[in-house]
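Q: Could you walk me through this structure, one feature at a time? I would like the general idea each time, and then the case at hand.

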Amino acid sequence: MKLKIGIYWGAACGGCDVAILDTHERILEIAAAADILFWPIAMDFKYDDVRAMPDGHLDAVLYSGAIRNSENEEIAVLLRRKAKAMIALGACAHIGGIPGLSNMFTRDETLKRVYIESESADNPEGVLPSERTVNDGNELELPRFYNTVKTLSQVVDVDYTIPGCPPASMQIYSAIGLIADGMLPKKGSVIGAGDRALCDECARTKSEKKITKIYRTHERLPDPETCFLEQGYLCLGPATRSGCGSRCIKSGVPCRGCYGPLDGVADQGLKMLSALASVIDGKEEQEINATLDMVAAPLTTLHRFSLASSIPRRKKV
Amino acid sequence: MAFEPRIVGFLCNWCTYTGADLAGTARVKYSPNVRSIRVMCSGRVDPVFIITALAGGADGVLIGGCHPGDCHYQEGNYKALRRYLLLRKILPEYGIEPERVRLEWVSASEGERFGRVVDEFTEQIRALGPLKLEESVLESMKNDVMHEGGTPAHTTGV
């Protein structure tokens, strides 16, 4: 029997959906193995189509994107009910992703920045989006914009996770193969990725690490053969799960951590903090600080994709 | 009730924990606010431990290690120092006062100094007041609800 799957996006850029399409001609194999009953970004479906399904109707739902507003959450709850397996697809659903960085601010600060202060805003009356508007006697309702961005597993029970920003297309393809063949591992597993750190797979030459200078990628051209960290580039490879195929590393860009933490790690960014601090050279507070001061925006650089899933989850307010 | 600082202390087995033991046997009087956890080396103190303690209700975290050059494992205390210095840079970004985390070198013979460090740190945390990290994060999410009058989906386990 053909699989029934649903695909949805919450607070996301659509890159995960593009990654599904980037399976190229294999998309036809996916279509042959599975009926796609819901995929708003690509096909015409309505939420009522999903509401009309009996519970557990879908074999799997691939949910990409973080939970940024009440609509994201409402559809996550709905799809959870309709799905036998709820799968978090991509870094935003998995660990908060780039939208999670707005947990450095409150909802009001974000709205003010976007609608009033931003350089391209033309809003002399300072109008902000509101949840209810009456226009010609018709009431319109917008989803509630949340104060704190959440990961999918922070609002619904998640069965599996396919990490990455975006997930490597072949990994999505093989994960769908696992579902089709009934070969899914135990609940809670990360699928479509490795179980070792990216560093373990990295082809670059590694030797003793002792760094006294930190560079940002635009400041210098990195050597193509040597470990990025040894050259002073903040590469999150030591604290990041493998499985991406070293896409960035091979293109001359240090790892930014999109595949998230390894199994058993509570906070990816803090693990990277540990790793980075271990390879800094120096025993005196002053010389150590001189190097550390070169790390731009350390909290959000170390938690570029994982701030919403870091232990405090957001900036204290 | 007056605020009593809750402090978690990660103390290295070879120096600071032994120093704390000495403070006890020498009957040094000092503040009872530190809950000590013995670790083999200050280099074992993962920043995850520190943030978990703060998120779990601690108002401050004290890390105690051997003096520079005295580490039982040669380099552990230097690693602890570097992690501590980097952690102190991210704490303000989280909205947490960096003074809530303190690294001190206390040797096995410095029982009296251990008492002084604890007294000083306790008073410093008392002046800062309670951290209430988890409460503040939960409070910030209380209006993140799907429907008016609803409850936030995730109310526990920061």
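Q: Happy to have you as a guide! Which domains does the domain assignment of chain A give?

A: First, some ground rules: this is a predicted model, where local features need pLDDT of at least 70, side-chain atom pairs count only at pLDDT 80 or more, and totals for chains, interfaces and linings use all residues. Residues are numbered from 1 along each chain as its sequence is written, while chains are lettered from A and ligands numbered from 1 in the order in which they are written. Domain bounds come from an automatic or database domain assignment. For chain A, that assignment gives domain 1 (3-99 + 147-180), domain 2 (108-145) and domain 3 (198-309).

Q: How many residues do domain 1 and domain 3 of chain A each bring to their contact?

A: Two residues are in contact if their C-beta atoms, placed from the backbone, lie within 7 Å. The C-alpha centres of domain 1 and domain 3 of chain A are 30 Å apart, and the contact takes 15 residues from domain 1 and 12 residues from domain 3.

Q: Which elements give two or more residues to the domain 1 side?

A: Elements here are DSSP runs numbered from the N terminus: helices (H or I, at least four residues) and strands (E, at least two). On the side of domain 1 of chain A that touches domain 3, they are α5 (90-95) and β8 (145-150) of chain A. The largest share, three residues, comes from α5(A).

Q: And how do the residues on that side divide into nonpolar, polar and charged?

A: Ala, Val, Leu, Ile, Met, Phe, Trp, Tyr, Cys and Pro count as nonpolar, Asp, Glu, Lys and Arg as charged, and the others, Gly among them, as polar. The domain 1 side that touches domain 3 in chain A has eight nonpolar, six polar and one charged.

Q: Is strand β1 of chain A mostly covered or uncovered?

A: A residue is buried if 20 or more other C-beta atoms lie within 10 Å of its own, exposed if 12 or fewer, and partly exposed in between, with C-beta atoms placed from the backbone. Strand β1 (residues 3-9) of chain A is mostly covered, with five of its seven residues buried.

Q: Which strands does β1(A) join by bridges?

A: Two strands pair if DSSP finds at least two bridges between them. β1(A) runs parallel to β2 (residues 34-38) of chain A, with four bridges, and A:Ile5 stands opposite A:Ile36 in β2(A). Five bridges join β1(A) to β3 (residues 58-64) of chain A, also parallel, and A:Tyr8 stands opposite A:Tyr63 in β3(A).
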